[in-house]
Every structure is written in structure tokens, then in C-alpha cells.
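The following paragraphs lead the reader through a structure, from one chain to the contacts between chains. Please consult the sequence and the coordinates alongside the text.

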Amino acid sequence: MRKLIEGSMAVAELVKLCRPNVIAAYPITPQTHIVENLSQFVADGELKGEFLNVESEFGAASVVLGASAAGARSYSTTTSQGLLLMGEVLYNISGLRLPVVITCANRAISAPINIWNDHSDAMTVRDAGWIMLFAEDNQEAADMHPQAYKIGEDPNICLPVLINMDGFILTHAFEPVDIPDQKEVDDYLPKYKPSEFLTVKDPRTFGMLAEPQWYAETRYKLFETHEDAKQVIEKTADDFKDKFGRYYGGLIDTYRLDDAERAFVAMGSLIGTLKDVVDDLRDKGEKVGILKIRSFRPFPKEKIREVCADVKELIVTEKAFSFGLGGVLQEEIRAAFYKQKHQPTVSGFVLGLGGRDIPPATLINIYNGSKGKEITNAFVDLRPDIAPGPFSAASVKG
Amino acid sequence: MSETTKTKKIKPPITESLLTCGHRACSGCGESLGAKLVMDAAGPNNIVTTATGCLEVFSTPYPESAWRMPWIHSLFENSAAVAAGIESALKALGREDEANVIAQGGDGGTADIGIGCLSGMLERGHNILYVCYDNEAYMNTGVQRSGLTPYDARTSTSPPGTESWGNQHQKKNLLEIAAAHNIPYAATASVGYPSDLMSKVKKALKIKGPKFLMVHVPCPLGWAYKTELTIEIAKIAVMTGLFPIVEMEYNKVTRVRKVGKNRRPVEDYLKLQGRFRHVMTEAGKIELEKIRLIAQANIDKYGLE
Amino acid sequence: MSKPIQLSVAPGTSKANKTGSWRTMRPIFKHDTCNDCRICVIVCPDACVIGGDFVYDANLDYCKGCGICAHECPVDDIDMIAEVR
């Protein structure tokens, strides 16, 4: 059924269709509408599961950990400060190999306090061992939820999944969204059947102390599984396309990249703006396309190299920064091409921090200003009294 | 073999404990004794969470686990929240009759870092028994002061010196904090009185809703006493009034263990433990009096006379 | 594809660890005045008092020699002696 609904409602509808057994809820802008919608579904008997209003995000993550360990499909959602507060538990969940799904309504991190969108929150947990997917629009964000459970609950994967959707920009935007039937989702996403869980029928001990002679292998296995997850993520997206007729890419997606000489690289809702910008540039004869990173973890190095084989210049436009190093996506994209036969020039631009607007004109300026150059760590659209030049104090080569 | 004047009552064979041998607790550890009694009173149909701490570390160094029921350790401060998740899962999956859920934690993991999750669990009314093992310090990390460390106790972060008599704060009343959530059952117990402890566990598990049990568990290493005195010291603590044995239902005291003519002076308790050695001196007389007042206040408050 | 591991074990695997090697004192159950109260069984922190029917002993594979059983026995039927090796 096609509805014109808020992004948060679209997510709540799809979460409901995934039949979660336990939901832990704690409010934080801009995710709150998701848990509010879920609580109404529960109150109206549409969602049959345990809905807990917990005492903090730390509590929320711990509750979904316990529920999953006991064999239940569990769900929570958070952002920014809440994601950080859960940080400890996120590592615990991946270490315990529990396929929990959490939606992160990406938001900037305090201090100073800012409730608007950027990707810095997700970046703080990029090493936590979670699969991390970024959604471009509300339909994709909603559809990611059954996909995420399917990926995580795969008996060869057993990993938690963080679904990232831009706070306010997606969560609070009203877009037409296709909500599938319960039966369609049930066919696509069967019941969760873990091989080991807390039960008196098979009393096992979980969460043990691992001394130096035991710990390292668990990390190696996480590394291995992230490599294995690459093909599972692709297959899950393909199966979704077969079943529901919608596809947004697997690990990555491309837009007008086939004959592109230059390409934007980005994640999340920015892709939508970039598509309009690229269409305009193409109309003017520019050979430009987009590389959309959909799976940030595992990072799809191989796919990126493959689709950029003939692209000369990559323009990374991102909403996060690793202080003391450089733009997060900028650095990871550069590293993907290290020692490769084909090494495109990679320029990196940081924009949209703390929810600052990204008008198409900005992206066109970036496109024009970086032609034939390698621009590194460019903070864009800052106040001129703070940051001199068109791209702040970025280093410019060429 | 001795003669008996009564008819011999045949006792059932000893069954293997649910917290079995081979764990790495210190010799004479009150907490391992407490946990053993709790588990055996509870029985095998329990899913148990435990916070980081001595109990978790000495019982589960991979691949050795002393637990014989389904058990999970997550983090230091979330035993109650993980248990809440498990209890909710059992409800959602129609498995409520399979097992009870017991959450465990030490004094640090419950009263300090874990108090948020504990409060949330109690407030939401989960059907969980929370057992706090109070050995009065962060023992596993080397005896640091916690919110339940008693007045004047030496710990590695509250040592006595020229400027200090040791821990300068009184124990948080965790029993009443838990009871204030208006839960059906909150009680203290001691390994000094094993039968009382076990019967309280059995009683609690028959009640539906959140239950809280705080067990006093002496620590030979942290309290600095000879290992064989664990039970004796636990008993004397109760008989001085320094660790009141109280039951509360819906935030009202319903039963206490009176000390009456068995009352012991606080000196009898303190003199057995190295952590109070500095108090048992000529210079420490005023501190001793302060501790007497604390004991008296407990006796007055709960009517333990 | 590799099978995920998360280090869980079956119950009671701690029995592989023979903590009896720790002790410096050993309990001697005299089997003389025992009244079958089983206080020794109840108070052992390592659950290693075995036996039944007025005859109890420490499981020396695990006994850490803490001495609580001897201290608490109401009829003084347990002595602690120095461990001999």
C-alpha cells in the first residue's frame, strides 16, 4: 500500500512488519517519532511484542542484548548522544554475535549540543563490529529493516546491523512510501532461529572471560565475517528486488557512472541532492556520475575499485571528520585505491555539519573548484570570518 | 559413628551444586558461598545474568564455567537491564513457564554504576529477582571503595593516613532505595545465616514481580581476616546491628531479625578484620564511637533490640 | 564461510580445574561425633563436601583448605592440619 507518511512512520511500519519480539524505547531527537509510532502500534494491538520504555539508551541496548541472547528478535533506535551512551553495549553485542538491529537517526554530537543531521555519530562506532548501512531516502530506510534482520540473522553472519538514516532530513520528511503486506515480509524474513541461546533446555554459559590465549581469535572471526557479509548484503538486496521490486544497490549503488570521468562519492540523503546536481551538470555536457556508499561497514573496497575503473577524479562529499587525520570517507576512499593500477585523484569535502544546509549551488561550486586538482580536508560553506577561501584552509594540489 | 536417640532421618543424597567446583574464587570467599546458596535454593530452571566482578571473573574464565544453568555476563552496570531483556523475550516468545530470571551483581555493579539499570528494571515491574552480593568494595579490581563500603573501612582508594580515617561515608541504604520502587519484596540476608538466605530466595521466586535481595558476603582478602572466619564474621556483623537483616514488602518493613540478647559490641566485629585495624587503636577511639552510633542507629531504626 | 564463534560453553566445565592444588591446610573429617547436620556441606564455598549418612569428606581434588567447615562444625568433628606433600 502506498502512503504519504513521515520517514519515522515508514520505519516504524517496516519494523512492525519484521515482527520484533522485544522493543526497547528511549526518546532522543530526531528518532523519537519512531518509538512513539511503535508504541501506538503496540497499544492498538497491531504489534505483538514486548515494548519497554527504558531508563536510558544504555539500558535500551542492554535490554535488546538480553532479549536477543534469549532467542528473541529485538529492536531499538537512537542517535548521537544515545548512540555514544550505548557504545559499550554495541561492542558487547557484536562480540556476543547477536543479530540486533538498531536504527540511527544520524545527528551531530555535543558539545556544542546540536540536534541536526550529520554523520559524526555513526563514525564513532565504525570499529564496533556492526554492519553499517546508509539509506538514501525514506523508502530505502524503511526497506533496510527486513534486509538488516535477514543479513544479521544469517547463521553464517550472526552480526548486529546499524541502519543509518539522516536525522530530520529523512526522519521528519513526508514522502510517498510503499508499505508491503505482512505476508510478503513473512515470506522474505522467516522467524529468528538462533542455534545457541539462553534456555534451560540447553544451559550454556555466555559472555565469558577470554584471557590472552583466547581473545584474539574472536576478533579474527569478526574480521572474517565482515568479509563474508559483503556477499550476503548483495544477495539480500537482490532477493529484496526479486520479491518487492525495489533496489537501491547492495554494497554500493551508482548513478550515471558508466561513462563518467569524474564522480561524487557520498552516503545517505545527500545522494538525492547529488542526483539532481549531476543531472544538471550532465545537461551542460559534464561527464559526471555518483558512487553511493550504501554499506559503510563492511567497506566495499573491491566494488569501489571495480565501478571507478575509468573514473579520473573522485569528489568525496561527506558529513564527518576524523580530527587529527582527515575526512573519514575521504581517507577510506583514498586507501581503497592504494597501490592499485588505477588511482583516481580523490578530493575530500566536509559539509552539512550540525545540519548546515547543502544547496545544489554548493555542490556545483565543489565540482567546478576541484576540477584537475586534489583538494584535501576542505570544510565548505563556513563563515568567511572563520574560514578563509572558498574551501576553508584545505590543502590544494594542482 | 555416634549413637542417636531419635530415629535416623535419611537425608537425600547430595546433588551437585549449580555453582560447581573448580571455580577460581579465593579460599573462603563469602561471595562464592553466597552465590552457591542462592543458585541451589533457586534450582536449575533459572536464567541468570551476572555483572562484571569477582563472581563473574572467577566462575567463567573461558573455557571453564562453574555455572550449571543458562547464564550470561554482559557488562559491569547492566545486569538488571540484560535480565529485563531476557524476561521480556521469554514473555514475548511464550516461554515464561520455562524459567525464572535472576540478575546478580556486586555492591559496585549494583549500588554505584548499576543503579540506573536496577532502578529501571524495578520500576518497570519485571518478574526478576535481583541479588546483590555486598562485600563492601570493588573487590575484583583490588579492593576499592564503593557506595556500600562501611564507615572508616580501609580500601585501596580510601586508605587511612594522617589526614583520614579511611572511608568517610556511610553505606548507601540500597535496601530502601530498592524498596522505594514499591516492589513486592526487598530483603537483606547474610551468608552467616545460610538457611535464612536460602528460604528468602525460595520465597522471592514464588512472588511475581521485581524482587531485591542484598546478601552480606565477607571477603577474606579485602577485609583481611583468616579464611575460616567467613561465616562467623558475617554473623557478628548482623549481631552488632551493622548489617541489619530486614524484609520489606511494598516499601514497608514486615520482618526483622532481632539481635536482642545476642547483641555484640562493634569491637567484636572490627577487631577480627585488618581493614579496621586503624580504628582499634587508642587514637581511633572516637571513630569506634562513631561506628557504635551507626550500629545503634540501625538497631533503633529497624527495631532490632 | 566461517562459522561465527562467541566463546560459549556447556555447563560445569570448571571441574577441569583442580583447585585442590591451592591449599596449605587440609580438613580431616574424623567421622566420630558427626550428627549429620550437613552444615559442612552448606557452608563450603566450593561445594566440595561429599558423602552422606554421617560420613562426610572433602573432595580433595577441589578443596582449597579455607577451614570454614572445621570452624563451623557444631560437634568439632573436623580438624585442619597442614597440607603434606
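Two strands are said to pair if DSSP finds at least two bridges between them. Helices (H or I, at least four residues) and strands (E, at least two) are DSSP runs, numbered from the N terminus. The model is predicted, so that local features need pLDDT of at least 70 and side-chain atom pairs count only at pLDDT 80 or more, while totals for chains, interfaces and linings use all residues. Residues are numbered from 1 along each chain as its sequence is written, and chains are lettered from A and ligands numbered from 1 in the order in which they are written.

Chain A holds 13 helices and 21 strands. Its C-alpha atoms fill a box of roughly 65 × 55 × 45 Å along the principal axes. The radius of gyration is taken over C-alpha atoms, and the globule rule is 2.2 Å times the number of residues to the power 0.38. For 398 residues, that rule puts a compact globule near 21 Å, and chain A agrees with its value of 21 Å. A residue is called buried if 20 or more other C-beta atoms lie within 10 Å of its own, exposed if 12 or fewer, and partly exposed in between, with C-beta atoms placed from the backbone. By this criterion, 56% of the 398 residues in chain A are buried. Two residues are in contact if their C-beta atoms, placed from the backbone, lie within 7 Å. Of the contacts in chain A between residues at least 6 apart in sequence, 77% join residues at least 24 apart.

Strands of a sheet pair through backbone hydrogen bonds, either parallel or antiparallel. In chain A, six strands form an open sheet with mixed pairing, in the order β10-β12-β11-β14-β17-β19. Its edges are β10 (252-255) and β19 (378-379) of chain A, each of which pairs on one side only. Within the sheet, β11 (residues 262-266) and β14 (residues 313-318) of chain A are parallel and share four bridges; A:Arg262 stands opposite A:Glu313 in β14(A).

Two helices of chain A lie across strands of this chain. The angles given for them run from 0 to 180 degrees between N-to-C directions, and axes are lines fitted to C-alpha atoms, for helices over the stretch in contact. Helix α13 (residues 360-369) of chain A lies across β12, β14 and β17 of chain A, at about 145 degrees to β14(A).

How does chain A meet chain B? The contact takes 37 residues from chain A and 38 residues from chain B. On the side of chain A, β3 (50-53), α3 (57-69), α5 (87-95) and β9 (205-206) each supply at least two residues, and α3(A) gives the most, with nine residues. Ala, Val, Leu, Ile, Met, Phe, Trp, Tyr, Cys and Pro count as nonpolar, Asp, Glu, Lys and Arg as charged, and the others, Gly among them, as polar. In these classes, the side of chain A that touches chain B has 20 nonpolar, twelve polar and five charged residues. Strand pairing also links the two chains: β9(A) and strand β2 (residues 71-73) of chain B run parallel, joined by two bridges. There, A:Thr205 stands opposite B:Trp71 in β2(B).

Chain B also touches chain C, in a contact of 37 residues from chain C and 32 residues from chain B. On the side of chain C, α1 (39-43), β2 (49-52) and α2 (68-72) each supply at least two residues. Helix α2(C) gives the most, with four residues. That side of chain C divides into 18 nonpolar, 13 polar and six charged residues.

Within chain B, helix α1 (residues 30-42) is mostly covered, with eleven of its 13 residues buried; among them are B:Leu33, B:Leu37 and B:Val38. Just after α1(B), B:Gly43 takes a positive phi of about 95 degrees.

Two packed helices are described by the angle between their axes and the distance between the axes. Helices α3 (residues 79-92) and α5 (residues 115-123) of chain B pack at about 35 degrees, with axes 7 Å apart. Their contact involves B:Ala80, B:Ala81, B:Ala83 and B:Ala84 of α3(B), with B:Cys117, B:Leu118, B:Gly120 and B:Met121 of α5(B). By class, these residues are seven nonpolar, one polar and no charged.
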